[in-house]
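Hi,

Here is the structure I said I would pass on.

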Amino acid sequence: KQHQKQHQQLLEELRNGSVEALYTVAQSLNQRNVGEDRITSVQLWHALADGADHVASAVALGFSYAEVDKELALKYFVQASNGDDEGPHQASLYNAGRLLLELNDAASSLAYIRACATVEKNYPAYETPAQTKTCKEAYELLSNQIMTKTTPGIEDAIEMFLYASIDDVPQENTKEFTKWSKAM
């Protein structure tokens, strides 16, 4: 009886044009793990992510494409990382950074992972402690790998300099920032 009530409520929400209800249907179809249902779920997520900038659908597409089309997955993680009107989607920031590294763009990877690690500074409501911890660890690991195992060219070094510190170094209105600004 409870299941029927939920089913009727979902149908009513769909009739009223609820984006969240359509997302729920797509999620349910995808979880069935049947070929046609999975294809339909991806099509629904595309309609929602591409047409309504639905964050959860963009995240789902990022994960759906992560192993088969990294650039398309990256597109959707970047879209989702922008979040809604109020703040970013933290896990998508991390996943965009992870894919950028796999696509050999260390500077952009560092930028996204740093943004993930510092979400709590500007958007505390969008931060999860476990995700922040993961991002900070990934940031430190990536930074150390870049410093010890690579020799970036001058352009790469300039791009990465902006993300070289998780603590916003050099900070504005300091001697170091002034020197850096003049050099740039």
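Below is what I found, going from the overall fold down to single residues.

One thing to keep in mind from the start: this is a predicted model.

**The fold overall**

The protein chain is helical, with eleven helices and zero strands. Going along the sequence, the pattern reads α-α-α-α-α-α-α-α-α-α-α. The chain has 184 residues, and 34% of them count as buried. If you take the contacts with a separation of 6 or more, 46% of them come from residues 24 or more positions apart.

**The cores**

The largest nonpolar core has 22 residues, and the members that touch the most others in it are Trp 45, Leu 61 and Tyr 76. Five helices supply at least two residues each: H2 (19-31), H3 (35-52), H4 (55-65), H5 (70-81) and H6 (90-102). The top contributor is H4, which gives six residues. There is also another core lying apart from this one; it has six residues, including Leu 110, Tyr 139, Leu 142 and Ile 146.

The buried ones are Val 55, Ser 57, Ala 58, Val 59, Ala 60, Leu 61, Gly 62 and Tyr 65. What do the buried residues of H4 pack against? They pack against H2, H3, H5 and H6.

Ignoring neighbours within four places in sequence, Trp 45 is in contact with Tyr 23, Ala 26, Gln 27, Asn 30, Asp 50, Ser 57, Ala 60, Leu 61 and Ser 64.

**Two helix pairs**

First, H2 and H3. Their axes are 7 Å apart, and the helices pack at an angle of about 155°. Angles over 145 degrees count as roughly antiparallel, so that is how H2 sits relative to H3. The crossing of H2 past H3 is left-handed. On the H2 side, the contact is made by Val 19, Leu 22, Tyr 23, Val 25, Ala 26, Gln 27, Leu 29 and Asn 30. The H3 side brings Asp 37, Arg 38, Thr 40, Ser 41, Leu 44, Trp 45 and Leu 48.

Then H6 and H7 (residues 106-117). Here the axes come within 8 Å and cross at roughly 160°. These two helices are therefore roughly antiparallel to each other as well, and H6 passes H7 in a left-handed crossing. From H6, the contact involves Gln 90, Leu 93, Tyr 94, Ala 96, Gly 97, Arg 98, Leu 100 and Leu 101. Facing them from H7 are Ala 106, Ser 108, Ser 109, Tyr 112, Ile 113, Ala 115 and Cys 116.

**The loop between H3 and H4**

Asp 53 and His 54 are both in this loop. Which of them is buried and which is exposed? His 54 has a relative accessible area of 8%, so it is buried. Asp 53 has a relative accessible area of 55% and is therefore exposed.

The side chain of His 54 makes a polar contact with the side chain of Ser 57, at 2.7 Å. Leaving out neighbours within four places in sequence, His 54 is in contact with Val 19, Glu 20, Tyr 23, Leu 48 and Ala 49.

Asp 53 has a backbone feature to check: a positive phi of about 50°, although it is not a glycine. For background, most residues other than glycine have a negative phi.

**Other loop residues**

Asn 33 has a positive phi too, of about 65°, and is not a glycine either. You will find Asn 33 in the loop between H2 and H3. At 54% relative accessibility, Asn 33 counts as exposed, because the cut-off is over 50%.

Finally, Ala 125 is in the loop between H8 (119-122) and H9 (129-149). With a relative accessible area of 74%, Ala 125 is exposed.

Cheers

How values were computed:
Residues numbered from 1 in each chain as written. Predicted model: local features only at pLDDT ≥ 70, side-chain atom pairs only at ≥ 80, totals over all residues. Heavy atoms only, no water. Core = buried A, V, L, I, M, F, W, Y, C linked by side-chain atoms within 4.5 Å. Buried < 20%, exposed > 50% of the residue type's maximum accessible area, 1.4 Å probe, protein only. Helix = DSSP H or I, 4+ residues; strand = E, 2+ residues; numbered from the N terminus. Contact = heavy atoms within 4.5 Å. Polar contact = N/O pair within 3.5 Å; in protein donor to acceptor, adjacent residues only side chain to side chain. Axes fitted to C-alpha atoms, helices over the stretch in contact; angles between N-to-C directions. Parallel < 35°, antiparallel > 145°, perpendicular 65-115°, else oblique. Left-handed = near helix turned anticlockwise from the far one by under 90°.
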